[in-house]
Amino acid sequence: IGTQVGLALQHLQVAETQDDALPAPGRAVPMTGTAIAVRHYTANDSVFLDDDYLIKGVAGAILWKLLRDYTQEQRIEFTNRELRLDPTIRLPDIADNLEARLVLLQRRLLERSPHLRIEKTGRGRFRLCVERPVQLVDISA
């Protein structure tokens with residue numbers, strides 16, 4: 001029993017020192033490279049990556065919210081629940097189809113942006129993966 005306890009303690013000590021070297025979970029890792037210019041038009045929630053159209057509507061509002069939280073708070077972990085409760089996204093009250101909009105956004109990012117993607121991490125949870133710096137430009141007019 002003593003040997004087992006000793007091995008368990010040693011294993012825990014090794015795990016603690018390895019965890020210290022990793023960035024905090026759910027936080028962005030600093031990166032270098034040319035920034036992706038992300039333009040958001042408030043009127044219809046259209047989003048452009050550099051000069052290329054990506055998406056609009058509720059899915060555009062979702063991406064804008066994720067990227068704002070990423071740049072302001074270095075967050076990369078999100079939940080469907082927090083999106084449902086965010087009034088800036090303006091989800092319709094009836095049959096919001098949030099999951100379908102997230103799938104559409106995920107597909108568009110895969111098709112048109114090799115440096116941004118959304119990965120599912122569990123039920124109602126996902127991660128924003130950003131491989132280059134982003135520069136947000138909000139156009140209200």
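Helices and strands here are DSSP runs, numbered from the N terminus. By that scheme, Asp45 falls in the loop between strand S1 (36-41) and strand S2 (46-49). The model is predicted. The protein holds four helices and seven strands.

**Overall build**
- From the N terminus on, the elements follow the order α-β-β-β-α-β-α-α-β-β-β.
- The protein has 141 residues, and 33% of them are buried.
- Of the contacts with a separation of 6 or more, 56% are between residues 24 or more positions apart.

**Aromatic pairs**
- The structure contains three aromatic pairs.
- Phe48 and Tyr53 make an edge-to-face pair, with 5.6 Å centre to centre and 75° between the planes.
- Tyr53 has a relative accessible area of 34%, so this residue counts as partly exposed.
- Phe78 and Phe126 have ring centres 5.9 Å apart, and their planes meet at 25°, so this pair is stacked.
- Phe78 and Phe126 are both buried.

**Ring cluster and a charge over a ring**
- Tyr41, Phe48 and Tyr53 are linked into a cluster by ring pairs.
- Phe48 also has a charged neighbour: the charged end of Arg39 sits over its ring, 4.9 Å from the centre.

**Asp45**
- The relative accessible area of Asp45 is 7%, so Asp45 is buried.
- Its side chain joins that of His40 in a polar contact of 2.8 Å.
- Leaving aside residues up to four places away in sequence, Asp45 touches His40, Ile55, Lys56, Gly57, Gly60, Ala61 and Arg90.

**Arg75**
- Arg75 sits in the loop between helix H2 (58-73) and S4.
- With a relative accessible area of 18%, Arg75 is buried, because the cut-off for buried is under 20%.
- The side chains of Arg75 and Glu82 make a polar contact of 3.0 Å.

Definitions and conventions:
Residues are numbered from 1 along each chain as its sequence is written. This is a predicted model: local features need pLDDT of at least 70, side-chain atom pairs count only at pLDDT 80 or more; totals for chains, interfaces and linings use all residues. Side-chain values use heavy atoms; hydrogens and water are left out. Rings of Phe, Tyr and Trp (its six-membered ring) pair if their centres lie within 6.5 Å; planes under 30 degrees apart count as stacked, over 60 as edge-to-face and the rest as tilted. Buried means under 20% relative accessible area, exposed over 50%, partly exposed in between (1.4 Å probe, protein chains only). A charge sits over a ring if NZ of Lys or CZ of Arg is within 6 Å of the ring centre and within 35 degrees of the ring normal. Helices (H or I, at least four residues) and strands (E, at least two) are DSSP runs, numbered from the N terminus. A polar contact is a pair of N or O atoms within 3.5 Å; within protein, one must be able to donate a hydrogen and the other to accept it, and residues adjacent in sequence count only if both atoms are side-chain atoms. Contact means heavy atoms within 4.5 Å.
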